[in-house]
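Here's a quick tour for anyone meeting this structure for the first time. Have a look at it below, then follow the notes topic by topic.

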Amino acid sequence: MRFKAIILNTFIESLRDKILIVLLVVGFILMASSKFIKPLALGEEIKIIKDLSLSSINFISVLIAILIGGRLIYKEIEKRTIYLVLSKPIKRWEFILGKYLGQMLLLFLVIGILTIAFGIVLLLTGVPANFLILLPNLLLLFQLSIITSLAIFFSTFTTPLTASIFTFILYFIGHLTRDLKALAQISKSPIVKVIANFLYYTLPNLANFDIKGKVVHEIPISFFLIYLPIIYGILWTLGLLYFSFLIFEKKDF
Amino acid sequence: MAIIFCENLTKIYRSGFWKLKKVVAVNRLSLTINEGEIYGLLGPNGAGKTTTLKMVVGLAKPTSGKILIMGKEPKDSEIRKNIGFLPEQPYFYEYLKGYELVYLTAQMYGKEVSSKRIYEVLELVGMIEAKDMFLKNYSRGMLQRIGLACCLITEPKILILDEPMGGLDPIGRKEIRDLIIQLKKAGKTIIFSSHILSDAEMLCDRIGILIKGEKVKEGTISEIVGEEIYEYEIIFSNVGEVYLPEIKRLAKDLIRSGDKWMATCEEEGKREHLLSLIQNFGGRLHSLIPRRKSLEEYFFTFMKEKRDAL
Ligand SMILES: Nc1ncnc2c1ncn2[C@@H]1O[C@H](COP(=O)(O)OP(=O)(O)O)[C@@H](O)[C@H]1O
Ligand SMILES: [Mg+2]
């Protein structure tokens, strides 16, 4: 595995970046703040702590995926460090895949650290929880895989800022796809119908990855709601990485 | 045996918003580099040197023409196991330390190297002291050296160096030159590009001159610019400050770099005088190098002749 070097390098770069520490600290603060929210009703406190912590993990890791992801490829082109890599016996798809895996390794670590912090919050507050509380983080990882691939895809042809903005927009729409479908059904304008339907069927649907609410409110989750999003996440990731590779393969540096 | 072979190599870049503007960066270039030789690809800025080297290492794709490296095409990525490439004005990962960069580079070749080997290479390029420094704090010359260390770590057969002496002071250039000579002795095939002839002088078995993407001349240096010596370059150290004005008076130029000095002069008489002065002052002589007419002058006359011919 020659692209081990690329995975390692991508990982080290993010680890030595100040933005990571800043975002992690913000995550800790958000989680700790749940201690100070006064519940409106008795028994709500447990839910608030869980919900806020899971949301913080979600928020911070998505932010890292979008901000660091957007510059994964382009920065190497812009700074010409790509010359160092592609002049080695490394194939271009290995480079893309190495970048993706390096970033996923980082996100895995981030979720791990934040989950440990979550565990500490639960221990300190004495809130009971079982292992099901980890399920949203599992699906989050697959959602992050789509986001990372989107960021990589955009950053093969646009600047880091543009790539991050595009990725963010798609993330945002991705969580509204149900609304899009509803819009297509209600709307009387055929143009709106067509556009809403088009967006619904072509853009990644990310809302299905979000099972925080169900877990926090202890609503039983069927097996389908776990493994379908996982398969969906894998397919989107493969597709996006494949297209990134096609664009990348044609490039001159 | 030809270790690198290019035939009718052409690269046309398309630029502008609609990709309508064409730039012919390399035009029907044929090159044969033999095993074990040092080949200098020379030419003014924009001549197409970088583009040619990028096509050889697979960073850019030729518009037309053929490249064979040890009989294989550049798109066969495995062939690059045999190549160490130093890009022009190399940029490295700023967040890495010197040692880490060399280690990662070896990994990119798919090779595990011992730390002993890494130290060896760092020693060779004179970067052992800076091994734990972040690359963002390296000077231009240090980047060039660490870049060379990366080229050498896995001992590839072929070294492709794009302006390896670019941005260095005269003494830095000389040190890189010495290193390249040492590498040739170790049996490497080396292609490097430069727009300065004096770099090529002591080094190259052959040079090719590129102008506007076309090879206009090829041969040994003396075949191309003649034997006439133009100036001498004397590098020395250990001469007390008080004696320097006297040396300065004789020399055409006197430049300091670190603890060494470089004096240049144009006549043989002055050269002898300077050498004896340095000796009398108790100085240490490091090198004496005769230089021929500069490539810039050669280009100048060459271009002028071409224009006059029209
Ligand atoms: N990516 C590119 N897009 C468009 N034109 C380019 C590109 N790279 C190089 N060129 C053009 O090709 C010509 C040769 O450039 P280059 O190979 O860098 O020359 P050299 O290395 O000899 O200075 C120049 O006119 C340059 O502007
Ligand atoms: Mg160049």
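A residue counts as buried when its relative accessible area is under 20%, as exposed when that area is over 50%, and as partly exposed in between. Keep in mind that this is a predicted model. With those cut-offs, B:Glu88 is partly exposed, because its relative accessibility is 25%.

- B:Thr50 belongs to helix α1 of chain B, while B:Glu88 sits in the loop between β5 (83-86) and α2 (98-108) of chain B, so the pair ties together parts that are 38 residues apart in sequence.

**The sheet of 6 strands in chain B**

- This open sheet runs in the order β5-β6-β7-β3-β8-β9 of chain B, and its pairing is mixed.
- The edges belong to β5 and β9 (214-219) of chain B; each has a single partner strand, so one side of each is left without a neighbour in the sheet.
- On average, neighbouring strands here are turned by 15° against each other, direction ignored.
- Helix α1(B) packs on this sheet and touches β3, β5, β6, β7 and β8 of chain B, with its direction at about 145° to that of β6(B).
- Helix α5 of chain B (residues 170-185) lies across β3, β6 and β7 of chain B, and it runs at about 155° to β7(B).

**Strand by strand through that sheet**

- β5(B) and strand β6 of chain B (residues 158-162) run parallel and are joined by 4 bridges. Along this pairing, B:Ile83 stands opposite B:Ile158 in β6(B).
- Are the residues of β5(B) named here, B:Ile83, B:Gly84, B:Phe85 and B:Leu86, buried or exposed? All are buried, with B:Ile83 and B:Phe85 pointing one way and B:Gly84 and B:Leu86 the other way.
- β6(B) in turn pairs with β7(B), in the parallel sense and over 5 bridges. B:Leu159 has B:Ile190 in β7(B) as its bridge partner.
- Strand β3 of chain B (residues 38-42) is mostly covered, with 5 of its 5 residues buried. From β3(B), B:Ile38, B:Gly40 and B:Leu42 point one way, and B:Tyr39 and B:Leu41 point the other way.
- On to the partners of β3(B): strand β7 of chain B (residues 189-194) pairs with β3(B) in the parallel sense over 5 bridges, and there B:Phe192 is the bridge partner of B:Gly40.
- Strand β8 of chain B (residues 206-211) also runs parallel to β3(B), and 4 bridges join them. In β8(B), B:Arg206 is the bridge partner of B:Tyr39.

**The sheet of 3 strands in chain B**

- This open sheet has the order β2-β1-β4 in chain B, and its pairing is antiparallel.
- Which strands stand at its edges? They are β2 (21-34) and β4 (64-69) of chain B, and each has a single partner strand, so one side of each is left without a neighbour in the sheet.
- From one strand to the next, the twist averages 20°.
- Strand β1 of chain B (residues 2-15) pairs with β2(B) over 10 bridges in the antiparallel sense, and B:Phe5 stands opposite B:Thr32 in β2(B).
- Helix α1 of chain B (residues 49-57) packs on this sheet too, touching β1, β2 and β4 of chain B, and its direction makes about 115° with that of β1(B).

**Rings and charges**

- How many aromatic pairs are there over all chains? The count comes to 16.
- One of them joins A:Tyr242 and A:Phe243, an edge-to-face pair at 6.1 Å centre to centre with 65° between the planes.
- A:Tyr242 counts as partly exposed because its relative accessible area is 49%, and A:Phe243 is partly exposed at 47%.
- Ring pairs also link A:Phe153, A:Phe154, A:Phe157 and A:Phe166 into a cluster.
- In chain B, the charged end of B:Lys136 sits over the ring of B:Phe134, 5.1 Å from the ring centre.
- The charged end of B:Arg271 sits over the ring of B:Tyr232, at 4.7 Å from its centre.

Notes. Residues are numbered from 1 along each chain as its sequence is written. Chains are lettered from A and ligands numbered from 1 in the order in which they are written. This is a predicted model: local features need pLDDT of at least 70, side-chain atom pairs count only at pLDDT 80 or more; totals for chains, interfaces and linings use all residues. Side-chain values use heavy atoms; hydrogens and water are left out. Rings of Phe, Tyr and Trp (its six-membered ring) pair if their centres lie within 6.5 Å; planes under 30 degrees apart count as stacked, over 60 as edge-to-face and the rest as tilted. Buried means under 20% relative accessible area, exposed over 50%, partly exposed in between (1.4 Å probe, protein chains only). A charge sits over a ring if NZ of Lys or CZ of Arg is within 6 Å of the ring centre and within 35 degrees of the ring normal. Two strands pair if DSSP finds at least two bridges between them. Helices (H or I, at least four residues) and strands (E, at least two) are DSSP runs, numbered from the N terminus. Axes are lines fitted to C-alpha atoms, for helices over the stretch in contact, and angles run from 0 to 180 degrees between N-to-C directions. Contact means heavy atoms within 4.5 Å.
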